[in-house]
Amino acid sequence: MNRRENLKLLFTGSLGAGLFMTGCETEEQAVSGQIFEGGTPGGRTAEEKARDAKLLADSFFTEEERKKLDTLVDIIMPADSESPAATELKVTDFMDFMMLDQPGYQTPMRGGLMWLDFEADEKFGKPFNELSKDQVIEIVELVAWPDKADPAYEGGVRWFNLLRNLTCTGYFTTEAGWKYMGYKGNTPNVWDGIPQQVLDKHGLSNPEKYTAFYLKPEDRGKVVEWDDDGNIIG
C-alpha cells in the first residue's frame, strides 16, 4: 500500500480525528459562499479577521527552530510524484500561527525542539541543525513509531505525535492537500427523476408537473427559493 492509500484510510471518513482542524491558513484566502448577517464571506466576523491579522503579523519560532521544523515536516510529508513537500505548502508557517492561536501548545512544542538538540549532542556531538540526513532519521526513528519506541522516549513520542498531527493538519487544509487526497467536498448531484427502467419495472411514471423542477447540471450553483406556502418558486 502506497503513501496516498494510507493517508486516505487515515483521513477519509474520520477526517480531523486527533487533528487541530481550525480552518485557518497562514495567508489570506478569498472565500466564496454565503454572507451571514453582520459577518463576512464564509461567516468570519470583523473581530475574528482582525485577530487573525494580528497573529499573522507576529511570529513564535526562532529561525533555528523553523529550520528544525522544515527538516522534520518534509520527512513526515515529503514530495512525491503526486504532491508537493510540506515546506512548499508553508506548513511551518501554519504551525507558527497555531502556536500563537493556541498558546497551550507553545511549551510542549518548544520543549520538543530543545530535546532535538540534546539528543543530537548526546549521539553525535553537534546541534540538530548540523546533522546529516541519516543522523536526523536516526533521531526521528526513536520517536516516530509509538508501538516500537523505548519507554525512555515516551515524552519524545508524545511530542512527535503533536508535530505529526500539526503537519498533517497544515498540509491537508491547503488546496494542494485536498487535491492530493482526491477530496471533492459536497458536490450537488443532478436529479432528472427516477430512472425510466425503474419506473417501467414497477409500472409507474414521473409526474409531468415536477419535470420543470428536476435539478439540471447548469443549475447546480442555484439556491432553491420557496414561497410562503412551501412551494418551489420558478
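With which residue does Asp117 form a salt bridge? The partner is Lys68, and the closest N and O atoms are 2.7 Å apart. Before going on, please keep in mind that this is a predicted model. Asp117 sits in helix α5 and Lys68 in helix α3, so this pair ties together parts that are 49 residues apart in sequence. Lys68 is buried, at a relative accessible area of 3%.

Arg110 and Glu65 meet through their side chains in a salt bridge, 2.7 Å from N to O. Is each of them buried or exposed? Arg110 is partly exposed, with 28% relative accessible area, whereas Glu65 counts as buried at 8%.

Now a local pair. Lys179 and Glu175 form a salt bridge of 3.3 Å, N to O. They are four residues apart in helix α8, which puts about one helical turn between them. Lys179 counts as exposed at 58% relative accessibility, and Glu175 is exposed too, at 57%.

Next, the interior. In general, nonpolar side chains of soluble globular proteins tend to be buried together. In this model the largest nonpolar core has 42 residues, and Met95, Met109, Trp159 and Leu163 have the most contacts inside it. Helices α3, α4, α5, α6, α7 and α8 each supply at least two residues of this core. Which helix gives the largest share? That is α7, with eight residues.

Take Met109 as an example. Setting aside neighbours within four places in sequence, Met109 is in contact with Phe61, Leu69, Met99, Trp159, Leu162, Leu163 and Leu166.

Helix α6, residues 133–143, has two sides to look at. Gln135, Val136, Ile139, Val140 and Val143 are buried. Seen down the axis of α6, these buried residues fall within an arc of 140°, so they line one face of the helix. Lys133 and Asp134, on the other side, are exposed. The cover over the buried residues of α6 includes α3, α5 and α7.

Last, the surface. Val224, Trp226 and Ile232 make a nonpolar surface patch of about 310 Å². Trp226 is in the segment after α9, and Trp226 is exposed, with a relative accessible area of 54%.

That is the end of my part.

Methods: Residues are numbered from 1 along each chain as its sequence is written. This is a predicted model: local features need pLDDT of at least 70, side-chain atom pairs count only at pLDDT 80 or more; totals for chains, interfaces and linings use all residues. Side-chain values use heavy atoms; hydrogens and water are left out. Buried means under 20% relative accessible area, exposed over 50%, partly exposed in between (1.4 Å probe, protein chains only). The arc is that of the directions from the helix axis to the C-beta atoms. Contact means heavy atoms within 4.5 Å. Patches are made of residues with over 30% relative accessible area and no salt bridge: like charges are joined within 9 Å, nonpolar side chains (Val, Leu, Ile, Met, Phe, Trp, Tyr) within 5 Å. Accessible areas come from the Shrake-Rupley method with a 1.4 Å probe; for residues, only the protein chains shown count as cover. A salt bridge is a side-chain nitrogen of Lys or Arg within 4 Å of a carboxyl oxygen of Asp or Glu. A nonpolar core is a set of buried Ala, Val, Leu, Ile, Met, Phe, Trp, Tyr and Cys residues joined through side-chain atoms within 4.5 Å.
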